[in-house]
Amino acid sequence: MSVVSVSMPEELLDRIDEFAEEHGYTGRSEVFREASRNLLGEFEDKKLEDRDLMGVVTVVFDYETTSVEEKMMHLRHEHEDTVVSNFHSHVGGHHCMELFVLEGSLEEISTFVGKIRATKDTLTIDYSVVPVDDFGPLAEMN
């Protein structure tokens, strides 16, 4: 098995250690392996391929980190065919929240989420993806 070195803030490492202990993991490596498998498998759901999808992405960041807000603006414009709505709000004392509503293919949405995740200095990123071509009884109304 290969050994990998990863840089991260001490606070995050402490949280990972606590998580490992609380949930019965044998150590950090086991937590990172499971997290990596989950991350890589997120958009590999065959049931979502070739379907019209809607996604919601929420990003929280410190407003004093102006590069994040600028990056969000660039991504919104770069993916204007996928981003159908965007909402910005101030949260707490010095945080901002960006909420993106997306419509597109699995590839388009996963590309957008990947670029959001790659943005330096974000605090949290959360998202969900649902098919819009199958809403049960509502789909029959068309």
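Glu 78 is partly exposed, with a relative accessible area of 47%. That value comes from a predicted model. Glu 78 has a partner: its side chain meets that of Lys 115 in a salt bridge, at 2.3 Å from N to O. The two residues sit in distant parts of the chain. Lys 115 belongs to helix H4 (residues 106-117), Glu 78 belongs to helix H3, and 37 residues separate them. Lys 115 counts as partly exposed too, at 29% relative accessibility.

What lies behind such a pair? Side chains of opposite charge can pair when their charged atoms come close. How many salt bridges does the model hold? The count comes to 3.

Stay with helix H3 for the next one. Arg 76 and Glu 98 join their side chains in a salt bridge, with 4.0 Å from N to O. Arg 76 lies in helix H3 and Glu 98 in strand E3 (residues 95-104), so this pair ties together parts that are 22 residues apart in sequence. Is Glu 98 buried or exposed? Glu 98 counts as buried, because its relative accessibility is 3% and the cut-off for buried is under 20%. Arg 76 is partly exposed, at 24%.

Now move to the other salt bridge. Here the side chain of Arg 28 meets that of Asp 17, at 2.6 Å from N to O. This pair also links distant parts of the chain: Arg 28 is in helix H2 (residues 28-41), Asp 17 is in helix H1, and they are 11 residues apart. Both ends are partly exposed. Arg 28 has a relative accessibility of 39%, and Asp 17 has 27%.

Helix H1 spans residues 10-22, and Glu 22 lies in it. Which residues gather in a patch of negative charge on the surface? They are Glu 10, Glu 11, Asp 14, Glu 18, Glu 21 and Glu 22. Take Glu 22 as an example. Its relative accessible area is 63%. Exposed means over 50%, so Glu 22 counts as exposed.

Finish at a loop. Thr 82 is found between helix H3 (66-78) and strand E2 (83-91). Is Thr 82 buried or exposed? Thr 82 counts as buried, at 5% relative accessibility. What does Thr 82 touch, leaving aside residues up to four places away in sequence? Its contacts are Val 101, Leu 102, Glu 103, Glu 108 and Ile 109.

How values were computed
Residues numbered from 1 in each chain as written. Predicted model: local features only at pLDDT ≥ 70, side-chain atom pairs only at ≥ 80, totals over all residues. Heavy atoms only, no water. Patch = residues over 30% accessible without salt bridge, like charges linked within 9 Å, V, L, I, M, F, W, Y side chains within 5 Å. Areas by Shrake-Rupley, 256 points an atom, 1.4 Å probe, with all protein chains shown as cover. Lys, Arg positive; Asp, Glu negative; His and termini not counted. Charge placed at Lys NZ, Arg CZ, Asp CG, Glu CD. Helix = DSSP H or I, 4+ residues; strand = E, 2+ residues; numbered from the N terminus. Buried < 20%, exposed > 50% of the residue type's maximum accessible area, 1.4 Å probe, protein only. Contact = heavy atoms within 4.5 Å.
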